[in-house]
Amino acid sequence: MKLGIMVNEGPYTHQASDSAYHFTKAALAKGHEIYRVFFYHDGVQNGTDFTTPPQDDRNVVKRWSELATEHSLDLVLCVAAAQRRGLVDVDEQKRHGKAGHNVAPGFRISGLGQLIEAGIQADRLVVFGD
Amino acid sequence: MSEAGTTKKFLYVNRRAPYGTIYAWESLEVVLIGAAFEQDVSLLFMDDGVYQLVKGMDTKGIGMKNFTPTYAALGDYEVNKIYVDRDALAERGLSLDDLQHLVWEDENEDWAEKDSIHLVGRDEIGNLLEEQDVIFNF
């Protein structure tokens with residue numbers, strides 16, 4: 001089955017991103033296709049490379065990046081949500097004259113159309129968040 | 001711009017008050033972008049989400065932009081199936097008269113102006129959810 005995943009909460013405060021990660025990993029292990037993972041609302045915080053959790057805790061951001069590399073996942077941060085919450089890639093850094101960029105490997109910033117497209121193209125859109 | 005002719009039934013479920021969290025506004029942003037994809041779109045307002053449609057809001061006191069006039073533009077985006085949980089309204093001491101009068105123009109009937117809001121009971125909401133392909137829950 002072709003699945004779209006939507007993550008609506010940031011890391012650590014809510015379990016939504018953990019659940020989405022475990023679900024995505026399990027679905028891939030079962031041979032399903034992940035069409036796209038779309039991060040919205042505070043969910044865009046799952047894509048900041050500036051995260052430095054304690055050594056003995058899981059690294060939610062890095063875990064997504066590694067899964068993306070391993071399975072060529074398309075991890076998309078909503079641009080409007082990202083701009084509000086300080087997620088900046090190289091292009092956005094230039095455009096807005098910011099001091100740095102912080103989008104983690106494997107993630108990209110794009111528009112809400114990517115979410116709608118996932119809803120249309122995937123057999124199921126599975127939503128994680130409160 | 002519908003993808004390879006695919007048309008799916010999209011339902012946006014709005015359950016939260018318009019302010020206090022950003023969910024209501026960011027839901028509306030998805031609806032507005034999604035309208036370009038020419039899908040079969042419905043909106044459902046239930047729980048505290050019914051407050052989103054209350055007319056005459058003034059947000060000066062909280063220093064936030066009042067985004068609720070945007071709902072009136074939904075008809076122009078061909079988003080004209082707006083369902084409101086009748087019981088959720090009643091439980092909050094509200095009625096249809098407290099909500100914005102949202103309309104759309106039917107091009108098949110000489111652009112006759114029609115109401116977009118439909119009050120529904122909870123049994124009908126169950127059916128509404130059942131018939132969707134994609135449900136966004138905000």
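This is a predicted model: local features need pLDDT of at least 70, side-chain atom pairs count only at pLDDT 80 or more; totals for chains, interfaces and linings use all residues.
In helix 2 of chain A, the residues A:Val61, A:Trp64 and A:Ala68 are buried. These three cover an arc of only 65° around the axis, which means that they lie on the same side of helix 2 of chain A. On the face turned away from the buried side, helix 2 of chain A carries the exposed residues A:Thr69 and A:Glu70, while its buried residues pack against helix 1 (16–29) and strand 3 (75–78) of chain A. The length of the helix can be checked as well: helix 2 of chain A has 12 residues (60–71), and because each residue counts for 1.5 Å they should span 16 Å, which agrees with the 17 Å between its end C-alpha atoms. Just after helix 2 of chain A comes A:Ser72, which takes a positive phi of about 50°.

Strands of a sheet pair through backbone hydrogen bonds, either parallel or antiparallel. In chain A, 5 strands form an open sheet in the order 4-3-2-1-5, and the pairing is parallel. Its edge strands are strand 4 (107–110) and strand 5 (124–128) of chain A, each of which pairs on one side only, and from one strand to the next the twist averages 25°. Strand 3 and strand 4 of chain A pair in the parallel sense over 4 bridges, and here A:Leu77 stands opposite A:Ile109 in strand 4 of chain A. Helix 5 (residues 113–121) of chain A packs on this sheet, where it touches strand 1 (2–7), strand 2 (33–39), strand 3, strand 4 and strand 5 of chain A, and its direction makes about 150° with that of strand 2 of chain A.

Turning to chain B, the reader again finds an open sheet of 5 strands with parallel pairing, here in the order 6-3-2-1-7. Strand 6 (117–120) and strand 7 (134–137) of chain B are the edge strands, each pairing on one side only, and the twist averages 25° from one strand to the next. Within this sheet, strand 1 (residues 9–14) and strand 2 (residues 40–45) of chain B pair in the parallel sense over 6 bridges, with B:Val13 standing opposite B:Leu44 in strand 2 of chain B. Helix 1 (residues 23–34) of chain B packs on the sheet and touches strand 1, strand 2 and strand 7 of chain B, its direction making about 160° with that of strand 1 of chain B.

Where the two chains meet, 16 residues of chain B are in contact with 15 residues of chain A. On the chain B side, the elements that give two or more residues are helix 1 and strand 7 of chain B, and helix 1 of chain B gives the most, with 6 residues. Sorted by class, the side of chain B that touches chain A has 8 nonpolar, 4 polar and 4 charged residues.

Two loop residues of chain B complete the tour. B:Glu78, in the loop between strand 2 and strand 3 (82–85) of chain B, has a phi near 60°, a positive value in a residue other than glycine. Because B:Glu78 has 13 C-beta neighbours inside 10 Å, it counts as partly exposed. B:Trp111, in the loop between strand 4 (103–106) and strand 5 (112–115) of chain B, also has a positive phi, of about 55°, although it is not a glycine. With 10 other C-beta atoms within 10 Å, B:Trp111 is exposed.

Notes:
Residues are numbered from 1 along each chain as its sequence is written. Chains are lettered from A and ligands numbered from 1 in the order in which they are written. Two strands pair if DSSP finds at least two bridges between them. Axes are lines fitted to C-alpha atoms, for helices over the stretch in contact, and angles run from 0 to 180 degrees between N-to-C directions. Two residues are in contact if their C-beta atoms, placed from the backbone, lie within 7 Å. Ala, Val, Leu, Ile, Met, Phe, Trp, Tyr, Cys and Pro count as nonpolar, Asp, Glu, Lys and Arg as charged, and the others, Gly among them, as polar. The expected span of a helix is 1.5 Å times one less than its number of residues. A residue is buried if 20 or more other C-beta atoms lie within 10 Å of its own, exposed if 12 or fewer, and partly exposed in between; C-beta atoms are placed from the backbone. The arc is that of the directions from the helix axis to the C-beta atoms.
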